[in-house]
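Please look slowly through the sequence and the structure shown here, and then follow the paragraphs below with the picture at hand.

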Amino acid sequence: MSSFNLLEEPSPQCASSKAAGNAAFASKDFDDAITHFTDAITHFSSSSISNDPYLSVLYNNRATAFSAIKKHGRAINDAKSAIKYDNTFIKPYFRLSSSLLEISNFSSALTHAKLGLEIDPNHVPLLKVQRAAILAEKNKKISANTKAATDAKSIKPKQPLSMPSLYDDKNLKHGSARAIIAQLKSELTSGKINATHNSFKGIFSKLMNPSTFQQTIFPGLSVEAQKTAPKSLHELLNNETYEEEMAARGIPDARKKAEDVLQAVKRKGAANNQFMDAATEATLWPQIMQEAIAHQVISVVNRVHKRAHSAQGINAAVRTAICLAVDLNLSGSINKGEYENIELSEAMVAKAKGVLPNCSSTNNKKGEDEDSDCSSDGSVVQQLPHSSILGLLVIPNLGDSRMASLNDGTDDSLHIGSGFFTCDDFIGDFDFFGPAISKDCERLVSGKRLAQIPVLKKPKPQGKPQGKPQGKPQGKPDNNENENEKLLGDDDESILGGGFGKIAWVEEKELQAQYATVSEVIRNLKQLPLELNSLATDELEAENGRIAKVDSAESARELMLLKLSKVMGNSTSVTFMGRGDRQPLRLDSSGEEDDVGHAVTCLYFVSVPEDIKGGELKLVNVSDRTERIIEPKTDRLVVWRSKDVENERMVVEGGEGGIFAVNLWFHGCITTIEAVHQAVSNIARASAEAEAEAAVLQQPNKTNI
């Protein structure tokens, strides 16, 4: 370790970049944090200062940020650099050993954990890593010994060994995930493996066909995006990100689900006195495994893409929450002083406001500002009834009397307290615009711009809902469901399936030239975040006024807060559902790992033939399981809270043509005052501490690492 002079200080630029990196990390803006820490390292390296422990901290901070976005290789390199510059600093030992553990390098993880524990034998995080590495290494040896014993029994004496085939029963059942991927890539390269091996003619055959690969893996991908996306299974598996996810989860999950299928087939045969012999199993197993792997490839791609958008969604949620805190500070009447104003720096507020939809009264030479969500005079475009915002903001379960009071005299389409609202005649004048929009929709299908949504689970038989929904919790599913529908479990990754319709991920400008009317519809829908923000702000002011006039015992909040960001990329799709198509019940934003952070979902019915049967939208409020059935209707808009309302597109039972719709997902947050105050206070506190640290570092004759 190099010596350093306590009187030597890092440059102000270095200290400032380090503080900015700490603040970005506290806000979970990990990419920004990496950029700032890199700047700090660059500034430090360009100076004449030799303060190695300070440089060690910078490398460890960047390693931690890399680890947060699962770039473990980069995290390992930075942690090693941190140890090189200060081998008494314990944090990089933890970062290095935990990252090695993440990539399954258990022996190295254990080695570095032990080195760190020599510095501090009671360091709890390192002790946990050490225990995890010991256990993982032990399990690895047991698995290896079991496989060696199994392989030894299958080898005949004096018979030359050959490379195991992907179709070798024991290789697929007991081989490691990476070995199976390596063998799969090898046989794809040699041409030994192809769709003709699999008699199922399912998803795997589509992945092996160059003309259907991208449509199956990335349905509805734009022409521009198709140029850079993987064009074959071999190319996809050679992508490090996809390969890592396949090794970690894809292959193990495929093996488990394939085993479940095989056992289900055996049980079904045994029930009819038909028993599977070893030869039949050996023939059937590779085909089942092959198809299961194909389904896992699709699941892996979905997870990787969700993870990529997750950071973007978190960033939008954090910044819109800060903007809500600004609104609360300005409102001056927050629960009668229960919460104090949140101290926010000007820089933090300015950065947060950059994510909001804008409203500029300054127009360019073409007339309207292309980046503005406002009308030409700078005002917010009004497309919704003012009271519609109550459908999103009113807290569910306020009490029967109060809910009845809120709903008294309102339009039945508002569904106050349910977490959604509907708006008919959204565009208006559809007698005039409708025919042109319908023709553009038909050309989208005939021009093959829309791709079939891959089906990974067979939908349960379903008929048209009878009568009005009762709003009661739904019972448990029938345990006597068809055996084929649960061959691979009850998740969304089964081998058998029906139709989910067609989809195209689009941007407004992409459609302008050929599908102008659909482009205009999307343009109108993209103005909704600004309008919803404005309506929510009005309701906050109105509620503050109501609370100020009543006794404290009656001053409970009845509305949630809403703030949406600009519409982000990959958030708009056009869908088509024809006879037999449906989409299963789902929650657009679950709050779980890899959640993309949607706050509000919009579904706009662009074109619905008059004779269509079925295709209803079912919405279920997760708080009380009440459900509403909404008929598909041309020019009808439905908007709901993504985290609180499940949605299902019911089966289209008949009619000419099908249902065209546009889906948009808006990022931001819909939450309570308590949640905003707590979250933003924590962010502001972390930012203030980082700024204070930077200020100390810039003082002469002091060092703070």
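This is a predicted model: local features need pLDDT of at least 70, side-chain atom pairs count only at pLDDT 80 or more; totals for chains, interfaces and linings use all residues.

Residues are numbered from 1 along each chain as its sequence is written, and side-chain values use heavy atoms, with hydrogens and water left out.

Helices here are DSSP runs of H or I with at least four residues, strands are runs of E with at least two, and both are numbered from the N terminus. The axes of α3 and α5, the latter covering residues 91-102, come within 10 Å and cross at roughly 30°; such axes are lines fitted to C-alpha atoms, for helices over the stretch in contact, and angles run from 0 to 180 degrees between N-to-C directions. The two helices are therefore roughly parallel to each other, since angles under 35 degrees count as roughly parallel, over 145 as roughly antiparallel, 65 to 115 as roughly perpendicular and the rest as oblique. On the α3 side, Asn 60, Ala 63, Thr 64 and Ser 67 meet Lys 91, Pro 92, Arg 95 and Ser 99 of α5, where contact means heavy atoms within 4.5 Å.

Helix α3 (residues 52-68) also packs against α4 (residues 72-85), at an angle of about 165° and with the axes 8 Å apart, and these two helices are therefore roughly antiparallel. Here too the crossing is left-handed. The residues that meet include Tyr 59 and Phe 66 in α3, and His 72 and Tyr 85 in α4.

Turning to the protein as a whole, its secondary structure comes to 23 helices and 14 strands, and 48% of its 705 residues count as buried, meaning under 20% relative accessible area, with exposed over 50% and partly exposed in between (1.4 Å probe, protein chains only). Among contacts between residues at least 6 apart in sequence, 77% join residues at least 24 apart. The average pLDDT, which is the predictor's confidence in each residue from 0 to 100, is 76, and 74% of the residues score at least 70. Over residues 148-170, however, pLDDT stays under 50.

Some single residues also deserve a look. Most residues other than glycine have a negative phi. Lys 28, in the loop between α1 and α2, has a positive phi of about 65°, and at 46% relative accessibility it counts as partly exposed. Asp 425, in the loop between β1 and α19, has a positive phi of about 55°, and with 56% relative accessibility Asp 425 counts as exposed.

Pro 529, by contrast, is buried, with a relative accessible area of 1%, and is found in helix α22 (residues 528-549). Leaving aside neighbours within four places in sequence, Pro 529 is in contact with Pro 357, Leu 564, Ser 565, Val 567 and Phe 666.

Technical notes. A crossing is left-handed if the near helix is turned anticlockwise from the far one by less than a right angle, and right-handed if clockwise.
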